[in-house]
Amino acid sequence: MADLTSLLPILGEGFLTTLAIFGLTLLFSIPLGLIIALGKMSKFKFISLPVSFYISVMRGTPLLLQIVAIYFGSAYLGWNFDRFPAVVVAFSINYAAYFAEIFRGGIQAIPRGQYEAAAMLGLTKRQTFYRIILPQVAKHIVPASANEVITLIKDTSLAQVIAVTELFSLAKKQQAAYASIYPLFVAGIFYYVANLLLSCLFAYVEKKLNYYK
Amino acid sequence: MAILEVKHLKKSFGSNHVLKDISFELEKGEVLSIIGPSGSGKSTLLRCITQLETMDAGDVQVNGLNMVVPGSNPLKYAPAKTLRDIRLSTGLVFQNFNLFPHLTALQNITLAPIRVLNEDRTQTREFAKMLLAKFGLEGKENAYPCELSGGQQQRVSIARALAMKPKILFFDEPTSALDPELTGEVLKIIKRLANHHMTMVIVTHEMAFARDVAHKVIFMDQGVIVEQGSPNYVFNESNNERLASFLARFNG
């Protein structure tokens, strides 16, 4: 039986890497997702078509494959990403595609009357987007975004494919060392507790935004 | 001089000629009611004048400004600056209110005066509160649209339009989305604005109201103005058959 006091520091360190991938991915993929969403809705075909293609590739191929492709592909192109940045890049561009579709759905759910009312009041396009549309989109997309964010925590375990020492890969090593499934079980608790906290956070946000319908 | 002049306005959606050749004038301080069956082009006319739709031909002159470059063929709209000046002199009250759901009643009213006209925050807020109080919405300043009845929402949206101090206020079937018992409170406010010589164009199905409040009535059918004149002429004296059968359906 593995000893929890020696196991926890090791897994804790892996969990920090997991959180780093998680945090950086959100930091980059959400703004990128918004830009991609606007690109897909562009009336210019030379923007919307490549963007649609990008989204379909990102959603249509395994993230695992994308991580490998970014890591080894970058070496092939002479950029030589380190393992960790390669993972962050792969996660960010992958999740941006999913977020983009969520944002697009949210933006398109806003009735045309909102744009017309804003136009009649003389608001500029920029003011309309930031003051009228975006705040309403934020409310619409909370449930779907929560799904993505929760999936992301678990998806970080894919980083092990290029030997980034995140939580799951370390747990697996301990499993081999102790010849016990116990370390994996503890890792599972890490993921679960993290997502429990996230779920609570999203429930809170949803409630906060519930002041209007 | 007329504050609103519509000249030979035409508008089609594909092969559907919605507005065939619309011309009319409105003097400052006058109220115009536009009546007619559904699909007659009333709302499209309003949307062309308020620049929510582009017209195909003709011209609209608001407060002396031409929306279209005079004599341009094919039709060319005036520079953005002119169009914006025209827009800021027109206000529109929608059938479905289109209040901003994430803003309170007060914020709905003050947003544009503060952000677009750069008016003083405190003064704008005081003015908005005064408008709400006048419209029987005292104490509703911090209510969100979803907490208000349809009639209350429409009154907020009228206040929102008025806060921009438009030269002409347009109403697109302002009571059509309301329960019958709520229409009265909205019509009362429009009537009060008329008494204060607010220039208004009202598309409506409320015949009695159109007759009482208007200085001038236009009856539209199938994209053309069939009759226009004083309320007394349109509702009592005209011998036009289409108008007679339309009114007969209302008086049922």
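Predicted model: local features only at pLDDT ≥ 70, side-chain atom pairs only at ≥ 80, totals over all residues.
In which sense do S9(B) and S10(B) pair, and over how many bridges?

**View 1. The S9–S10 hairpin of chain B.** S9(B) and S10(B) run antiparallel to each other and are joined by five bridges. Across this pairing, B:Phe219 has B:Glu227 of S10(B) opposite it. The two strands make a hairpin with two residues between them. Have a look at B:Gln222 in the turn, where phi is positive, about 50°.

**View 2. Strand S9 of chain B and its parallel partner.** Moving to another partner of S9, we find strand S3 (residues 31–35) of chain B paired with strand S9 (residues 216–221) of chain B in the parallel sense, over four bridges. Here B:Ile34 has B:Ile218 of S9(B) as its bridge partner. Six of the six residues of S9(B) are buried, so the strand is largely enclosed by the rest of the structure. B:Lys216, B:Ile218 and B:Met220 point one way from S9(B), while B:Val217, B:Phe219 and B:Asp221 point the other way. As a reminder, side chains in a regular strand alternate between the two faces of the sheet.

**View 3. Two nonpolar cores.** The largest nonpolar core holds 73 residues. Those with the most contacts inside this core are B:Ile34, B:Val93, B:Ala159, B:Phe170, B:Phe171, B:Val201 and B:Ile202. Take B:Val93 as a guide: setting aside neighbours within four places in sequence, its contacts include B:Ser157, B:Ile158, B:Leu169, B:Phe170 and B:Pro174. Another core lies apart from the largest one and has 32 residues, among them A:Ile70, A:Ala97, A:Ala100 and A:Ile153.

**View 4. Chain A as a whole.** For orientation, chain A has eight helices and zero strands. Its C-alpha trace spans about 70 × 45 × 20 Å along the principal axes. Of the 213 residues in chain A, 30% are buried. Among contacts in chain A with a separation of 6 or more, 73% come from residues 24 or more positions apart.

View 5. In helix H5 (residues 112–120) of chain A, the buried residues are A:Ala117, A:Ala118 and A:Met120. They cover an arc of only 165° around the axis, which puts them on the same side of H5(A). The cover over these buried residues includes helix H6 (125–155) of chain A together with strand S6 (90–93) of chain B. After H5(A) comes A:Gly122, with a positive phi near 85°.

View 6. A:Ala109 sits in the loop between helix H4 (83–108) and H5 of chain A. This residue counts as exposed because it has 11 C-beta neighbours inside 10 Å. A:Pro135 is 26 residues away from A:Ala109 in sequence, and their C-alpha atoms are 13 Å apart in space.

**View 7. Where chain A meets chain B.** The contact takes 16 residues from chain A and 20 residues from chain B. On the side of chain A that touches chain B, H5 and H6 of chain A each supply at least two residues. By class, this side of chain A has eight nonpolar, five polar and three charged residues.

**View 8. Helix H3 of chain B.** Eight of the 11 residues of helix H3 (residues 105–115) of chain B are buried, so this helix is largely enclosed by the rest of the structure. Its buried residues include B:Leu106, B:Asn108, B:Ile109, B:Leu111 and B:Pro113. The buried residues of H3(B) pack against H6 of chain A together with helix H4 (121–134) and helix H5 (150–162) of chain B.

Technical notes. Residues numbered from 1 in each chain as written. Chains lettered and ligands numbered in written order. Buried ≥ 20, exposed ≤ 12 C-beta atoms within 10 Å, placed from the backbone. Arc of directions from axis to C-beta. Contact = placed C-beta atoms within 7 Å. Nonpolar A, V, L, I, M, F, W, Y, C, P; charged D, E, K, R; others polar. Pairing = 2+ DSSP bridges. Core = buried A, V, L, I, M, F, W, Y, C linked by C-beta atoms within 7 Å.
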